[in-house]
Structure formats: C-alpha cells, structure tokens
Amino acid sequence: MPGAISDLANETFDCLIIGGGPAGLTAAIYLARFHLTVLVVDDGKSRAGLIPLTRNHPGFPNGIKGSDLLARMRDQAEHHGAHLRAAQIISLQAEGNVLVARCKDTAIRAHTVLLATGAINRRPEMPADMHDEALSRGLIRYCPICDGYEVTDQPIAIIGTGDKGWGEAEFLRSYSDDVTLIAPDGSHNLEPEQESRLDAGGIKLLNGPCRDFELTDNRITVTLAGGRHSFAAMYPALGTENRSELATGIGAKLSHEGCLLVDSHQRTGIPGVYAAGDVVFGLDQISHAMGQGGVAATAIRNDFAARRPLRR
C-alpha cells in the first residue's frame with residue numbers, strides 16, 4: 001500500500017473503510033466507481049490473506065492464493081481511485097457531523113465509516129512458526145466449508161468439543177469416514193445425544209490435552225495421553241475473536257456471539273457507521289463477505305445522496 005497515512009490527514013473522505021479484506025476491498029471498488037472519495041486502512045490481518053489456496057472461489061477453477069486475490073482487488077480499487085494505506089486504527093468517534101478515526105499519530109476524518117475488521121481464529125497451542133507452516137501446507141485448516149472437499153476420504157481431526165466441535169465433526173464426516181474429535185484441554189464436554197450421534201457416525205473421541213504436535217511430509221501428528229495420532233488435516237474448532245472493539249467504542253451493538261448487529265443494508269444503528277464481512281454474523285466465506293461489501297457500499301452511496309447532492 002503506497003504512501004503514508006499522514007499524507008491524508010487534512011482530507012475528509014466520503015467513506016473510510018477499516019479493513020482490507022474481501023468485504024472492505026469490494027466496498028472500496030464499488031464506492032470509487034460511485035465517484036465517492038474512499039480510503040481503505042488495513043493492518044494486514046485479513047484471514048483471507050492466510051489462505052494458501054482456495055479452490056471454491058468462483059472464477060478460479062484451479063484455485064487462487066488468498067494473498068493473490070487480495071492483491072488483485074487492491075489493484076482494482078486503486079485503479080478506480082480509492083486510496084489504500086497500511087496502518088492500524090486504534091479509536092473511532094463522532095465529532096460534529098464527521099467521524100474521526102485515529103491511528104498512532106494521525107487522525108482521519110470521514111463522513112461515513114465501513115467496519116470490515118473481520119475476526120481472528122483461536123489457534124491450537126503450538127509454536128507460531130509450526131502453526132504457520134502447517135497452515136501453508138494444508139495440515140491445519142480452519143474452514144471445512146471452504147476446503148473439506150480437499151481432504152475427502154482422508155483421516156481428519158477436529159480440535160474442539162461442545163457444540164462447536166460436535167457440529168464441525170458431523171460436517172466433516174460427510175467428506176470422510178475417518179474423523180476424530182479431540183478435546184483441546186482434557187475430557188470432552190458433550191451432551192449424551194451429541195455423543196450418541198458421533199458414535200452412530202463412527203466419529204472417534206479422544207481426550208486432550210492437545211499440545212504436543214509434529215509435522216511430517218504429509219501428516220500432522222499429535223501426542224495425547226493415549227499415544228500418538230496422525231492425520232492428513234486438523235481443523236481447530238476453537239471459535240473466533242471478532243474484531244469489534246472500534247464498533248463497540250462508538251456504541252454499536254453486538255449479538256450474543258460477539259458479532260456486530262446490522263440491518264439488511266449493513267447499517268450498525270450508529271449514524272454513518274456500517275459493517276460487513278466476518279465481523280458481522282454470517283457464513284464467514286469470501287463470497288459472502290464480498291456480497292455484504294457490495295450491499296454496504298450501495299447503502300452508503302444512497303444514504304449519502306439522501307443527505308446531500310452527489311457531485312463529481
């Protein structure tokens with residue numbers, strides 16, 4: 001992302017987009033093509049950028065790296081006039097009739113803000129470099145909807161328990177008859193009906209703690225109290241942390257899952273503040289985030305036009 005964000009401190013943008021993942025960049029493309037002034041500020045933490053290869057994104061039959069997809073979208077947004085900057089927004093507040101977002105040493109003013117801040121996966125307890133290598137090699141995966149197909153008929157582990165772990169194990173059972181659910185810290189926390197369903201599906205249950213990992217050529221191995229177990233892929237079903245601090249700081253409401261509440265046009269209920277992508281409750285898919293980004297951008301444009309004449 002070229003340029004320093006401080007170079008733009010004297011401007012007031014029609015829309016500030018916080019987050020440069022699929023939702024934010026889709027909105028940037030739309031808004032720039034609506035002839036609105038747009039700034040995207042991104043801190044480089046989009047989960048899409050970590051995807052080694054997605055094969056279920058429409059239009060790429062041979063797959064595309066998440067980082068390559070984002071690079072294409074950034075180029076498209078800039079081609080149409082959007083400004084992109086690398087920085088972390090640390091606060092957001094309303095001042096008069098504008099919204100002010102602050103970085104470490106710069107304040108950015110905008111008439112509207114789209115929060116596309118996403119979410120962060122809770123990771124298993126392993127060294128960061130091992131995690132990143134496993135992720136890049138497809139030995140750790142976070143999205144069975146995206147890539148369960150890639151591990152069809154292979155041994156699969158899910159790290160988790162309770163509703164989250166049970167649901168993910170049942171989902172992945174449709175891809176393989178060799179599925180194991182591992183409790184992350186000790187014994188499982190499952191209802192009797194859940195255990196019965198897992199048993200009926202041939203899903204094995206193992207107790208943790210789940211912390212001692214090893215990577216080999218095409219397997220990830222974990223050592224548990226009962227011995228060593230190897231898998232073609234491991235799915236952490238440990239939940240996510242929604243990056244909603246900026247929204248709650250300005251008074252936006254959250255669901256009980258911690259997701260930002262929005263209406264059908266991605267409005268948060270705070271005047272001028274919208275949200276899209278994984279920070280909002282939804283499918284946590286690139287295609288879904290892009291759709292929300294398009295809806296949000298169109299609402300921003302129409303709401304903006306209702307308040308003042310659009311200009312070119």
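Colleague: Is the disulfide of Cys143 and Cys146 right-handed or left-handed, and why?

Modeller: A word of care comes before the answer: this is a predicted model, in which local features need pLDDT of at least 70 and side-chain atom pairs count only at pLDDT 80 or more, while totals for chains, interfaces and linings use all residues. Residues are numbered from 1 along each chain as its sequence is written, and side-chain values use heavy atoms, with hydrogens and water left out. A disulfide is a pair of cysteine sulfur atoms within 2.5 Å, and the sulfur atoms of Cys143 and Cys146 lie 2.4 Å apart. The torsion about their S-S bond is about 70 degrees, so this disulfide is right-handed.

Colleague: Which cysteine is in no disulfide, with the sulfur of Cys143 20 Å away?

Modeller: That is Cys210, for which the sulfur of Cys143 is the nearest cysteine sulfur. Cys210 counts as buried because its relative accessibility is 4%, where buried means under 20% relative accessible area, exposed over 50%, and partly exposed in between (1.4 Å probe, protein chains only).

Colleague: What is the strand order in the open sheet?

Modeller: In general, strands of a sheet pair through backbone hydrogen bonds, either parallel or antiparallel. Strands here are DSSP runs (E, at least two residues), numbered from the N terminus, and two of them pair if DSSP finds at least two bridges between them. The open sheet has four strands in the order β10-β9-β8-β14, with parallel pairing. Its edge strands, β10 (204-206) and β14 (233-236), each pair on one side only.
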